[in-house]
Amino acid sequence: MSGRVAGLGERELVVFTFDGQEVNAWQGDTIAMALWAHGQVAVRNSSSEGQPRGVLCNMGICYDCLVQVEGVAVRSCTTLVKPGMIVGRGGKS
Amino acid sequence: MTSADATQLDAVIEADVGIVGAGPGGMAAAVRLAAAGLRVVVLDEGQRAGGQIYRQLPEGMQNHGVIQEPPSHDAGHDLIQSFEGHAQGGGAIELVRGATVWDAQLGRLWFEQDGVSRLLRCGHIVLAPGAYDRSIPFPGWTLPGVVTAGALQVMVRGFGVVPGQRALVVGSGPLLLPTVTSLLGAGVEVVAALEASSRMRALRAAPSVAFHAARRREAMWYMKQLWRNSVKLQWGWTVFACEGDGRVERAIIGKVDSHGRPRKGTERTIKCDVVGAGFGLVPSIEIGMRLGADTHMLPVRGGHCLVVDREQRTAVPTVFAVGETCGIGGAEVARAEGDLAAAAILRDLRGLPVASALVSQARAERRAADSMLGAFAPLPGLHDLARPDTIVCRCEDITRLRAEESAAMHGESMRAIKIGCRAGMGPCQARICGPSLQAMATGVNTCAMDVPVVQVPLKPVRSETILNAPE
């Protein structure tokens with residue numbers, strides 16, 4: 001179970017989609033953290049085996065959390081959510 | 001920031017001094033330079049000042065003591081405050097957020113920001129890019145939910161996200177403690193905290209902690225937090241494997257010997273839904289290497305580090321390096337070295353003398369850090385955790401067996417292993433597998449390895465970014 005730490009304050013709601021599913025995020029979230037708080041820990045299929053992968057380093061080093069945004073592979077841990085953003089699973093489909 | 005905003009960004013910005021990294025080292029340098037009236041631009045991959053160690057929540061959120069912080073962070077908050085004071089509208093410091101530096105030459109730093117290709121032109125450069133967690137491959141380390149210790153810190157202290165319900169923390173070194181306290185602050189149950197070093201080995205760090213007032217206070221604070229929450233640090237234990245269907249559900253843990261080799265028959269299974277693993281840190285050195293700085297191998301400081309003189313100057317007279325890029329040492333080292341580098345630049349540009357107290361402060365902090373971290377230098381036996389079918393290169397899905405075959409056929413250098421099986425050729429550019437790849441492939445249990453090869457782009461960026469690079 002994941003979610004948000006209570007008592008740190010809330011921010012404006014940002015709605016985006018991941019693999020066609022609506023996800024509620026907060027302004028200032030990265031895609032990876034919004035998905036994690038939503039319970040979606042796997043965000044990519046690995047390059048040759050197609051295994052589920054998710055965040056490893058969470059600081060832009062490992063590129064294991066790559067997702068697709070507007071046809072471009074981006075690191076979900078360094079890319080901020082935007083309203084209406086369409087995010088697809090990274091790697092092999 | 002929307003794309004519309006992004007297109008309004010200037011392609012080229014200028015500064016007297018360009019700084020890479022807004023952690024303690026970069027901030028300390030920036031504040032001293034700004035106070036002397038120089039224009040400073042700081043490039044950081046994150047969204048807020050503080051770096052990894054003093055991670056701040058996104059703007060609009062506040063940690064009013066919800067997540068406990070160690071005493072040393074008070075100094076961090078003061079530093080952030082003075083940095084942000086100088087960085088407010090029209091101040092001497094400009095913080096460029098979300099900037100990925102992908103090439104560097106004398107007086108020039110090319111970076112991508114929100115998909116836009118930009119260039120910083122500057123006189124002097126201060127490199128404070130920090131470090132990242134050292135990963136050791138073990139069966140199941142690729143399962144979603146298995147992350148680095150640093151990743152958990154970012155999750156909790158950087159975004160206020162609860163990592164899971166039951167967390168296992170494993171690895172080696174002083175950073176396991178803040179990982180545990182952050183998890184406790186987020187209301188997560190820490191099912192076990194495993195330090196691979198033995199208690200005897202760790203005791204070698206005791207004098208350097210006992211005779212350093214700030215470190216002593218810090219250690220006491222952590223001990224109190226762990227004791228209060230009934231979390232016991234288990235010395236000489238680590239994770240052997242993680243298992244689960246699509247994400248981690250349980251871990252096999254066990255004892256290791258004094259070299260880090262797993263001891264058969266000590267295994268136990270423990271239920272958990274998140275695992276944080278951090279076997280020390282690896283310095284980020286590629287920007288410095290690209291600029292022409294020399295490197296040397298210092299296992300105590302995490303591997304290959306940039307070489308600097310007594311005032312933090314690299315082999316390139318206008319390029320300075322501070323903090324973790326010169327070897328792992330922690331926030332106090334980074335801060336003292338950042339301060340010193342700024343003073344040396346002010347002498348270059350303004351003829352101001354460098355106070356000898358700054359030099360001795362930086363040296364004293366470095367000495368204290370070296371003697372403490374010696375007790376946690378990477379244990380080579382941990383490389384035995386990976387089995388033949390364990391993936392060692394996550395980018396290209398290369399198993400240990402394939403890396404071994406490649407080394408046997410093509411040679412034992414990093415270059416030969418890479419060419420033979422593509423390990424280390426993916427988007428992380430061997431940052432994750434590199435520190436252990438040679439040991440994995442050759443079976444020679446050493447933590448030494450070839451000097452990393454620096455390639456441009458220094459990190460993967462869009463091809464448009466490179467094609468449209470401003471001159």
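Which residue of β9(B) does R4(A) stand opposite?

A: R4(A) stands opposite V161(B) in β9(B). This is a predicted model. The two residues belong to a strand pair that joins the chains. Strand β1 of chain A, residues 3-4, pairs with β9(B) in the antiparallel sense, over two bridges.

Now the wider contact. Chain B gives 45 residues and chain A gives 37 residues. On the side of chain B that touches chain A, four elements supply at least two residues each: β7 (131-133), β8 (146-148), α4 (149-159) and β9 (161-162) of chain B.

Chain B has three assigned domains. Domain 1 covers 7-132 + 282-373, domain 2 covers 135-279, and domain 3 covers 386-442. The C-alpha centres of domain 1 and domain 3 of chain B are 32 Å apart.

Back to chain A and its strands. β2(A), residues 13-18, pairs with β3(A), residues 21-26. The sense is antiparallel, over six bridges. Within this pair, V14(A) stands opposite A25(A) in β3(A). The hairpin of β2(A) and β3(A) has two residues between the strands. There, D19(A) takes a positive phi near 50 degrees.

β2(A) also pairs with β8(A), residues 86-91, in the parallel sense over two bridges. In β8(A), V87(A) is the bridge partner of F18(A).

Methods. Residues are numbered from 1 along each chain as its sequence is written. Chains are lettered from A and ligands numbered from 1 in the order in which they are written. This is a predicted model: local features need pLDDT of at least 70, side-chain atom pairs count only at pLDDT 80 or more; totals for chains, interfaces and linings use all residues. Two residues are in contact if their C-beta atoms, placed from the backbone, lie within 7 Å. Two strands pair if DSSP finds at least two bridges between them. Domain bounds come from an automatic or database domain assignment.
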